[in-house]
Amino acid sequence: MPAQQDNATAPDLSVTPRAIWRLTWPQMLMMYLMFFMGFVSVWVAGRISADVQAALGMVNQCGIFLMVVSMAVSSGATAAVSQSLGARKLLRAKRYITATITGCLILGLIVGFLGLLCSSGILRVIMVPESILPQTREMWLAGLPGLPAQYLYAATGVMFRATRQVLPPLWVAAIVCLCNLIACLGLGLGWFGLPACGYLGLVWANVASQYLGAICNCLLLMRSGYLSRRALPNVRWLKPALPYLLKVALPAGAASLVWQSGYMALFILVASLPHDSVNALAGLTAGLRVESLLFLPGMAFNMSAAVLVGNSLGEGKPEQARRVALNMTAVAAAALTIVAIVLWPFRQELAALLAQESGAQAQIVNYLTYNLLSTPFSIASTVMGGVMVGAGATRYNLMIFGGSFWGLRLPLGWLLGHMLWGTASGVFLAMLISQVVQSCVMIHAVRYWNWTRFAMRAR
């Protein structure tokens, strides 16, 4: 292994359609594998009960909220690494990668410990319904030991993408997905001769999968030469290098915090509805999984856009970066809108697949009705968010995404869902309206704002 640690070579920096497709399709397939893992978890939870399915949704949303720090650091590292490679500064890229992965592991341990200490307060803040509080508490505590591995798995995956090495993590994701499938069905429902542990078995399966993925990704990055002890930066190097990373990471972290806390507030809005709140919560949980069929490929385009824009700006080609940004946004929105049109007639069938109770099925259909309509807008916003990450202009994501969520979606959701209609339909309609407004503002920003000035070469 040590003999291979200096074999890393700078990736292809071309932005031809072939290069873009070569970068994007493995990430898209990886996103679908992630979707399948989440889908299986929700499906197994639904087979246990609607209460477990609703509790799983609350736990998953809390877990995503705790990933905010990792998302922030990864956003900063994506900009720093992709721009470094674009400028053909391989050693600088390797140092950013090693520092990011080491930092994410430490941060995962710290955040996991804090989550354990504050577990009761967190569950009170998100207003978990009393009927599902015991299951939610047990699932939350059982899942916290997996948070460091989740931080590490996410960070290593981002570093693979930033270096355009997209096939190794795809193979890892396939192995993780298969192991997760067997463990969820076996430990959750007692298949394959394994003991049926119910919802705790479901959580244990997901924790084990995160550790497997993190270990495999680290070994592969070490083999490729991008992760090594020799590349671990010293204080002298960090002093000039960290400011840019923090300049990108802090707004990205704030944006993630605003976004994820917004989703927590959204779950609270649904959980506290005057009518049919538990079924609405189960419908939101399952509906988000179906929506992932569209959102996760959109995230693949988001990540590709971040890398390509970062490479272009690192090379000193801002016009190329702008052209790549607009072209990828248009292609992603058009392609995934077609997928949404295909899914539209099968909303009821998808709901029946994910839930057994008729009330939960009706709420899944209700959620999908509004959110399939928002597909072109949500996908466009997603890809343009990646553009800003690659450029280091994450403050624009904070301004636009945070403003649309907290300034429009949540107040409108409360007004329609609690005051006027009293049902989940009001909250879901507010989500649609906010996506339309958000995408319009993002398109204006990409076309007319000077976001290329945030790149390292510009400094």
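Asn 180 counts as buried because its relative accessibility is 0%. Apart from residues up to four places away in sequence, Asn 180 touches Met 37, Ala 205, Asn 206 and Ser 209.

Gly 262 belongs to helix 10. Gly 262 has a relative accessible area of 0%, under the 20% cut-off, and is therefore buried. Its contacts, leaving aside neighbours within four places in sequence, are Leu 257, Phe 405, Trp 406 and Leu 410. Between Gly 262 and Trp 406 there are 144 residues of separation in sequence, yet their C-alpha atoms are 6.6 Å apart in space.

The two residues are set out below.

| Residue | Helix | Relative accessibility |
|---|---|---|
| Gly 262 | helix 10 | 0% |

## Helix packing

Helix 10 (residues 235-271) packs with helix 16 (residues 394-420), their axes being 8 Å apart and at an angle of about 10°. Because angles under 35 degrees count as roughly parallel, helix 10 is described as roughly parallel to helix 16. The residues of this contact comprise 17 nonpolar, 7 polar and 3 charged.

## Nonpolar cores

The largest nonpolar core contains 116 residues, and the residues with the most contacts inside it are Leu 281, Met 328, Met 388, Phe 428 and Trp 451. Helix 11 (residues 277-314) gives the most to this core, contributing 18 residues. Trp 451 has contacts with several residues beyond four places in sequence, among them Val 309, Arg 322, Met 388, Tyr 396 and Val 446. A second, separate core has 35 residues, including Ala 149, Val 158, Val 176 and Met 456.

## Confidence

The chain has a mean pLDDT of 82, with 96% of its residues at 70 or more. Confidence is highest in helix 15 (residues 375-391), at a mean of 91, and lowest in helix 5 (residues 119-125), at 74. Over residues 1-6 the pLDDT is below 50, and this stretch has 11 contacts in the model beyond near neighbours in sequence. Where pLDDT is low, the predicted coordinates should not be read in detail.

Definitions and conventions: Residues are numbered from 1 along each chain as its sequence is written. This is a predicted model: local features need pLDDT of at least 70, side-chain atom pairs count only at pLDDT 80 or more; totals for chains, interfaces and linings use all residues. Side-chain values use heavy atoms; hydrogens and water are left out. pLDDT is the predictor's confidence in each residue, from 0 to 100. Helices (H or I, at least four residues) and strands (E, at least two) are DSSP runs, numbered from the N terminus. Contact means heavy atoms within 4.5 Å. Axes are lines fitted to C-alpha atoms, for helices over the stretch in contact, and angles run from 0 to 180 degrees between N-to-C directions. Angles under 35 degrees count as roughly parallel, over 145 as roughly antiparallel, 65 to 115 as roughly perpendicular and the rest as oblique. Ala, Val, Leu, Ile, Met, Phe, Trp, Tyr, Cys and Pro count as nonpolar, Asp, Glu, Lys and Arg as charged, and the others, Gly among them, as polar. A nonpolar core is a set of buried Ala, Val, Leu, Ile, Met, Phe, Trp, Tyr and Cys residues joined through side-chain atoms within 4.5 Å. Buried means under 20% relative accessible area, exposed over 50%, partly exposed in between (1.4 Å probe, protein chains only).
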